[in-house]
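Hi,

Here is the structure I promised to pass on. Have a look at it first, and then read my notes below.

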Amino acid sequence: MPMVNRRQSLSTALIFPLLVLLSSVKNGNAGITSAFIRSEWPSVDIPINSEEFAVPKGHNAPQQVHITQGDYDGKAVIISWVTADGPGPSKVQFGKSEKSFDYTAEGTTTNYTFYKYKSGYIHQCLIDGLEYDTKYYYKIVSGESSREFWFQTPPQIDPDASYTFGIIGDLGQTYNSLSTLEHYMHSGGQTVLFVGDLSYADRYQYTDVGIRWDSWGRFVERSAAYQPWIWSAGNHEIEYMPYMGEVLPFKNYLHRYPTPYLASESSSALWYAIRRASAHIIVLSSYSPFVKYTPQWVWLREELKRVDREKTPWLIVLMHFLIYNSNEAHFMEGESMRAVFESCFIHYKVDVIFAGHVHAYERSYRISNVKYNVSSGDRYPVPDKSAPVYITVGDGGNQEGLASRFTHPQPDYSAFREASYGHSTLEIKNRTHAFYHWNRNDDGNKVPTDSFVLHNQYWGSNLRRRKLEKHHLRGVVGLLATD
Ligand SMILES: [Fe+2]
């Protein structure tokens, strides 16, 4: 084990017991419905000509720049951008020091129409063969309008790699959305897990739909050009709009937000998996067929077999609607997926499932309802140590406003719920522990509101933990001997 990891293990051994104690005390209590209410900014979109959506200066300047992971294991990045005036070059120069772009990659260019809206030229460029844990600078080439950015690759796949994910959902483009985004950017998050409903452009009509996809691309560039956003699709990405002849689901989304689905042997950009640091992340599509024998069902079954908890201990699932949620908004919408997938999630000991859709925050205890069927069995969810924690983070701040009506009484499965805007972070420390925080937006301040220690579902078992402690004890003894 490297020296750094030994020291991490030592500090972890000292800090975690206190937090574990605090978290177990909290879990022994009944669920909490937070009474917090604050006046929010109006749930209206930022005006289209505002500086938050400013078009970068210069002829054909690259805009709406965003990156995502480009392969299975984190050694590649897909860079996407739009040029408005012409196709221009589809070229990225990159390198490991500022102003020294030693390598060049060529991308592809496409465009599309949506009703009478004509998109700009959409560029997508894969850069691969990158080194782990390295800062890369990149330049999107467009003559005198070229623009420069940077990103950091993740550490190599390792069970004890520490890494911080941010979780954002249902973001939209209001001043509440801006507040969420700015708070996230100061959170230390290294990659965003985005749980669907991006721009809310489908709240507009005709050519304004495309125009609001463009403004959203410029809005999130401040983060998405510098760190990967892992995309999943929500209902607002479907955009089935027969009144103007647009009936191809996900048309705007799929043209603009590529995913590395082929690397996980998926047949659709809407469901796929990646491995990053110590996490295996599975992205599901709530609005694509998922019942038994469908392509998504077959793919998930195979992907779960590929998960290797010895290499990536943290198994995280993203979807848009949630299986367990006690808000009156969208209540029970995840029930059909629960019937199909819940037993899988338990069998493979998924650590946590993040979702959006409901515009509020909620966290569940570890519970399941797999014994229920339409003929018999227990009709209520029961505590289940093998079940995931379900977390709703659909509180990014879009124009539809908050979902402030929770069901009463609070169900036993619900640990904490509050109707506020915010975002979450998941700080993975090592193979056994991660810190989770939900941060409420509060009048311009980020306020940590709900926190707990997530124990890994694979390495948390008694037998494995005993083996690990023995292993770590040897490491600590070795460290003391060599210091
Ligand atoms: Fe939604």
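Pro313 is buried, because 27 other C-beta atoms lie within 10 Å of its own, and the cut-off for buried is 20 or more. Bear in mind that this is a predicted model.

As for where Pro313 sits, look in the loop between helix H5 (295-306) and strand E17. Leaving out residues up to four places away in sequence, Pro313 touches Pro159, Ser278, Arg431, Asn456, Tyr458 and Trp459. Ala277 is 36 residues from Pro313 along the chain, and their C-alpha atoms are 9.8 Å apart.

E17 (residues 314-318) pairs with E16 (residues 279-283) in the parallel sense, over 5 bridges. Within that pair, Trp314 of E17 is the bridge partner of Ala279.

Both strands belong to an open sheet of 8 strands with mixed pairing, in the order E1-E23-E19-E22-E18-E17-E16-E15. E1 (32-33) and E15 (272-276) are the edge strands; each has a single partner strand, so one side of each has no neighbour in the sheet.

There is also a hairpin to look at. E10 (residues 135-140) and E11 (residues 147-152) pair in the antiparallel sense over 6 bridges, with Tyr136 bridging to Phe151 in E11. The hairpin has 6 residues between its two strands, and Gly143 in the turn has a positive phi of about 55°.

Cheers

Conventions: Residues numbered from 1 in each chain as written. Predicted model: local features only at pLDDT ≥ 70, side-chain atom pairs only at ≥ 80, totals over all residues. Pairing = 2+ DSSP bridges. Helix = DSSP H or I, 4+ residues; strand = E, 2+ residues; numbered from the N terminus. Buried ≥ 20, exposed ≤ 12 C-beta atoms within 10 Å, placed from the backbone. Contact = placed C-beta atoms within 7 Å.
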